[in-house]
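Dear colleague,

I am passing on the structure you asked about, followed by notes on what turned up when I went through it. Please read the notes with the model open beside you.

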Amino acid sequence: MRYLVIGAAGHAQEVAWSLREMRGGLAELLFFDDRVPAGPLCSGLGRVLGTLDTVAAHATSEARLVLGIGRPRVKAAVVRRLAALGLEWETVVHPGATIGPNVHLGEGSYVAAGAIVTVNVRVGPFATINMHCQAAHDTELADFVTLHPGARLAGGVAVGRGVEVGSAAVVLPGRTIGPWAVLGAGAVAVHSLAGEETYVGIPARPLVRLAQGAA
Ligand SMILES: CC(C)(COP(=O)(O)OP(=O)(O)OC[C@H]1O[C@@H](n2cnc3c(N)ncnc32)[C@H](O)[C@@H]1OP(=O)(O)O)[C@@H](O)C(=O)NCCC(=O)NCCS
């Protein structure tokens, strides 16, 4: 199977490695990136063939797209940009991830090594659950959500579209995080949080920037 990996930086290579593990080593991996120059990757996973504008030239009908991008807004923009190709996006689950019963993983989502998704969890399209994350029972992640490494969602949490949960951040049981919010690394969402805002600290509060504070 030919896989067109969108992105070629470190995260993309982690996703591609996970895919190769999942397919028992049988995966042709072609990388595309607007910033990483064409040529072989030092990880040995494959070659960068060109920018995203060159993907179409390699898009055979059986090829699948693989999302190698972690930032939610960039993910959304790239998925829009490549929609006209009409190709399916692969869902990638590293064999070292633990997925429980009645878990639904949306198209193009990624679950990394060491992550645990327990029971009755809905993971939307293009969501990223990075290394050693936890998504506990009855949790819902909307599309384009990214959980950075070590983030932990307790049971019954609802995470809105495009939310970014920083490394080692925690969301307490039953809380909701509004769309396109950012929870900083190490923050703890003690209360439900509104969307389109960045929160840091314990308990998580809106990030006050110096320019804002001086106004
Ligand atoms: C919260 C976050 C989004 C802010 O990023 P930013 O908008 O670029 O903000 P800055 O780095 O300019 O920092 C702004 C202020 O917030 C503080 N800050 C940044 N991140 C913080 C965090 N996680 N917790 C507490 N304070 C934080 C900075 O110290 C700075 O304070 P100052 O103005 O008093 O110096 C980012 O720092 C973060 O935590 N992102 C999570 C990403 C992640 O986990 N990535 C893992 C990839 S593997």
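Two residues are taken to touch, or to be in contact, if their C-beta atoms, placed from the backbone, lie within 7 Å. Please also keep in mind that this is a predicted model.

Leu183 is found in strand S21, which covers residues 182-183, and, leaving aside residues up to four places away in sequence, Leu183 touches Val165, Gly166, Ala169, Ile177, Ala189, Tyr199 and Ala204.

The ligand comes next. It is surrounded by 13 residues, of which the closest are Gly166, Ser167, Gly184, Ala185 and Val200. Sorted by class, this shell holds six nonpolar and seven polar residues, and no charged residues. Gly166, one of the closest residues to the ligand, is also among the contacts of Leu183.

Turning to the overall layout, the protein is divided into domain 1, residues 2-90, and domain 2, residues 93-200, and the centres of the two domains, taken over C-alpha atoms, are separated by 23 Å. The contact between them takes 15 residues from domain 1 and 15 residues from domain 2. On the side of domain 1 that touches domain 2, H1 and helix H2 (72-81) each supply at least two residues, and the residues of that side divide into seven nonpolar, two polar and six charged.

Helix H1 itself runs over residues 10-22, and its 13 residues reach 18 Å from the first C-alpha to the last, close to the 18 Å expected at 1.5 Å a residue. Its buried residues are Ala12, Gln13, Glu14, Val15, Ala16, Ser18 and Leu19, and these pack against strand S1 (2-6), S2, S5, strand S6 (92-93) and strand S9 (110-111). Just after H1, Gly24 takes a positive phi of about 60 degrees.

Two of the sheets deserve a description. In one, five strands form an open sheet with mixed pairing, in the order S3-S4-S2-S1-S5. Strand S3 (39-40) and strand S5 (64-67) stand at the edges of this sheet, and because each has a single partner strand, one side of each is left without a neighbour in the sheet. Within the sheet, strand S2 (residues 28-32) pairs with strand S4 (residues 47-50) in the parallel sense over three bridges; Leu30 stands opposite Arg47 in S4, and Phe32 stands opposite Gly50 in S4. S3 and S4, by contrast, pair in the antiparallel sense over two bridges, with Val48 in S4 as the bridge partner of Gly39. The hairpin of S3 and S4 has six residues between the strands, and in it Gly44 takes a positive phi near 80 degrees.

The other sheet is open and made of six strands in the order S7-S10-S13-S16-S19-S22, with parallel pairing. Here strand S7 (98-99) and strand S22 (188-189) stand at the edges, each with a single partner strand, so one side of each has no neighbour in the sheet. Strand S10 (residues 116-117) and strand S13 (residues 134-135) run parallel and are joined by two bridges, and the bridge partner of Val117 in S13 is Ala135.

Most residues other than glycine have a negative phi, and most peptide bonds are trans. Asp138, in the loop between S13 and strand S14 (140-141), has a positive phi near 60 degrees, and Asp138 is partly exposed, with 17 other C-beta atoms within 10 Å. Phe144, in the loop between S14 and strand S15 (146-147), likewise has a positive phi, near 70 degrees, but Phe144 counts as buried, with 28 C-beta neighbours inside 10 Å. The peptide bond from Ile202 to Pro203 is cis, with omega near -5 degrees, and Pro203 is placed in the loop between strand S23 (198-200) and strand S24 (205-206).

Definitions and conventions
Residues numbered from 1 in each chain as written. Predicted model: local features only at pLDDT ≥ 70, side-chain atom pairs only at ≥ 80, totals over all residues. Near = placed C-beta within 6 Å. Nonpolar A, V, L, I, M, F, W, Y, C, P; charged D, E, K, R; others polar. Pairing = 2+ DSSP bridges. Helix = DSSP H or I, 4+ residues; strand = E, 2+ residues; numbered from the N terminus. Expected span 1.5 Å × (residues − 1). Buried ≥ 20, exposed ≤ 12 C-beta atoms within 10 Å, placed from the backbone. Domains from an automatic or database assignment.
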